[in-house]
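Work through the exercises below with the sequence and the model open. Each task is followed by a solution in steps.

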Amino acid sequence: MWAELKKGAAVAVWFMFLTLPIMVVKVNPIEQTVVWRWANLVWLGAAVFVLTVVGRYCSRHRTELSAFWPDAHPLLAHPQLKRFLLIVLALLATLFPLFFSSYQINIMTTALMYAVLGLGLNIVVGLAGLLDLGYVAFYAVGAYSYALLNYHFGLGFWAALPIGGLLAAIFGVLLGFPVLRLRGDYLAIVTLGFGEIIRLILENWNDFSFGPSGIAGIPRPGLFGLTLSVDDAIMYIYYLVLLLGLITIFVVNRLRDSRIGRAWIALREDEIACQAMGIDKTKTKLTAFALGASWAGMVGVLFAAKTTFVNPASFTFLESAIILSIVVLGGMGSTVGVVIGALVFILLPEYLRAFADYRMLLFGAIMVGVMVFRPQGIIGNPRRRSYPLPMAAADQEVGHE
Amino acid sequence: MLKMRGVEVSYGKICALHGVDLEIRSGEIVTLIGANGAGKSTLLMAISGLARPIQGCIEFLGEEIQALPPNRIVERGISQVPEGRRIFPQLTVRENLELGAFCRHDPQGVRDDLAYVFSLFPILASRSQQLGGTLSGGEQQMLAISRALMARPSLLLLDEPSLGLAPIVIRQIFSIIQKINQEHKTTVFLVEQNANLALKVASRGYVLENGRVTMTDSADNLLRHEGVRQAYLGV
Ligand SMILES: Nc1ncnc2c1ncn2[C@@H]1O[C@H](COP(=O)(O)OP(=O)(O)O)[C@@H](O)[C@H]1O
Ligand SMILES: [Mg+2]
């Protein structure tokens, strides 16, 4: 214990020294004075000390601590409790817009859109095990297909929605072909490049996509020809996204338990064994890319309709990173996990605004914390627990003789 | 049943098989023995379509299969138990077995075969909900064999099923291999480094050295052959 405290003190002193120029010295260029904020130093030292000691304690007792947070599945295994929870959730989600401001509804809509994006990416990353860092490209394809089809041909939202999904799926196959033979790091690099290529095309091909200035005046979704006020439209879009989310959850769950879903999981687990079982690797990979991308395409159409404006700046690598983080933090392969991940990931930074400048810092700390204590994600997929590797097990058996 | 003529496989510049000729007749247990790196696994991969021969032809039931994709080859009745078992570690025993039957479309037949492999390896039945990765090495090998059987193959390829297992488990597995061969008339092509056991269950054997078949004879003759005894039986 004494050693821990000493360690904490050492880290605190080191931090105080390192941050001295930022936290303590403040130069006021107008009055040409230097303000020494020594109180900051004390606060920082105390905070770092406490965090270090607590952090080290937690990481030493990591296994006991994560036992406090059981995987939700045994809890949800109670069918009645599960049904009750689902009904409460459905009611909350349905009634939400009636009690909250347009601002809150907008945030929630964004969170739900990311939930759908996460579920789509989860097909590629969580189920098929293909690390895709360029997922935002399909989102962009969806958004621009609505924007451009509307601009040139006056196509409405409801016509654009399936077209956006389909076009994104086609782009998924286009990406899938060249990366058929790649895995892991190489796949990640190529998909990253693909995402950037799509963004750069949108940025630079002025005749086609109107460059960085983007396309404005995209109509909101229609409701039987009614004209809605802005507030009503926000509410309407919320319900549309909610509906899309429910459909996504249903379809993705069905897909996972289907033949092709099994093939994806087999591909993720062992590519050679998967082929030896007679699973067509090409088809399996391409369907994962295509079906994963189609959700991003549809959300893209919704995004364009929601903001009524698209430009390439909305489709940077950061978006891919956020969606991937949602999948990983929420729990790869788990539907509930991805949805919760999206809600946490999008809502938390909004509600952390109370902490003003430190909000991103706090957010980062929370992310690191989740990964340290819940490496399997918020809702860990119980299938993805660690276990001795097959070859290690074989060695043990020999050792027993 | 299976004929290989002048099959050559290379990985980039490394030539792993230099013109292999080999024949397996229906109903036999044939073994292929050879040292580490002789090209045994490569030969099985070539049959399964996972390694493309650059020359030669592989004929199965009178039709050339060397250009077919792996899934078509499984559909035609060749299934492989790969080296190192390659169980799907995060899937349950049952799901592993169901994946073995991936290319079949007769649910009733699949159910029958599931019952059959559970009768061959009762331990798998009691572990059916356990994750594949948590099985012991011997159980994983049993699962790998069962998974391959779920495709209802007419030719079963086994790549070093004794690798890393205790002698008692090896004997159990080999007796099951013989049983499968007798009961189901499944032809077995057994690749082994454990030449002694392999030659005892097989009727014929091939010796592979540096990517070439250097010897082929009946299993009994190979067991008695001086060169084979020295090189592979350690006597
Ligand atoms: N994927 C691969 N890439 C490159 N070389 C390989 C690969 N697999 C096997 N080899 C080489 O091919 C030769 C035969 O290997 P293998 O068929 O695995 O032998 P065995 O199964 O008899 O031990 C070895 O020299 C090995 O190094
Ligand atoms: Mg081998």
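The model is predicted, so local features need pLDDT of at least 70 and side-chain atom pairs count only at pLDDT 80 or more, while totals for chains, interfaces and linings use all residues. Residues are numbered from 1 along each chain as its sequence is written, chains are lettered from A and ligands numbered from 1 in the order in which they are written, and side-chain values use heavy atoms, with hydrogens and water left out.

**Exercise 1. The metal site**

Task: find which residues coordinate the magnesium ion (ligand 2).

Solution. Step 1: look for donors, meaning N, O and S atoms within 2.8 Å of the metal (3.2 Å for Na, K and Ca); water is not among the atoms, so sites may look incomplete. Step 2: S41(B) through OG and E83(B) through OE coordinate the ion, at 2.0 to 2.3 Å. Helices (H or I, at least four residues) and strands (E, at least two) are DSSP runs, numbered from the N terminus.

**Exercise 2. A lysine in helix 1**

Task: decide whether K40(B) is buried or exposed, and list what its side chain reaches.

Solution. Step 1: buried means under 20% relative accessible area, exposed over 50%, partly exposed in between (1.4 Å probe, protein chains only). Step 2: K40(B), in helix 1 of chain B, has a relative accessible area of 3% and is therefore buried. By the same cut-offs E83(B), at 31%, is partly exposed. Step 3: the K40(B) side chain reaches the backbone oxygen of G34(B) at 3.1 Å and that of A35(B) at 2.8 Å. Step 4: leaving aside neighbours within four places in sequence, the contacts (heavy atoms within 4.5 Å) of K40(B) include E160(B), V191(B), E192(B) and L208(B).

**Exercise 3. The interface**

Task: describe how chain B meets chain A.

Solution. Step 1: 36 residues of chain B are in contact with 29 residues of chain A. Step 2: about 3000 Å² is buried between the chains, 59% of it on carbon and sulfur atoms. Buried area is the accessible area (1.4 Å probe) that two parts lose on being put together, summed over both. Step 3: on the chain B side, F88(B), Q90(B) and F102(B) lose the most area to chain A, together 24% of what that side buries. Step 4: there are 3 salt bridges between the chains, each a side-chain nitrogen of Lys or Arg within 4 Å of a carboxyl oxygen of Asp or Glu. One of them pairs R262(A) with E98(B), whose closest N and O atoms are 2.9 Å apart.

**Exercise 4. Chain A as a whole**

Task: summarise the make-up of chain A.

Solution. Step 1: chain A has 18 helices and 4 strands. Step 2: its C-alpha trace spans about 80 × 70 × 50 Å along the principal axes. Step 3: of its 401 residues, 45% are buried.

**Exercise 5. Positive phi**

Task: locate F210(A) and L61(B) and give their phi angles.

Solution. Step 1: most residues other than glycine have a negative phi. Step 2: F210(A) has a positive phi of about 65° and sits in the loop between helix 10 (206-209) and strand 3 (215-216) of chain A. Step 3: L61(B) has a positive phi of about 50° and lies in the loop between strand 4 (55-60) and strand 5 (63-64) of chain B. Step 4: F210(A) is partly exposed at 27% relative accessibility, and L61(B) is exposed at 52%.

Methods:
Polar contact = N/O pair within 3.5 Å; in protein donor to acceptor, adjacent residues only side chain to side chain.
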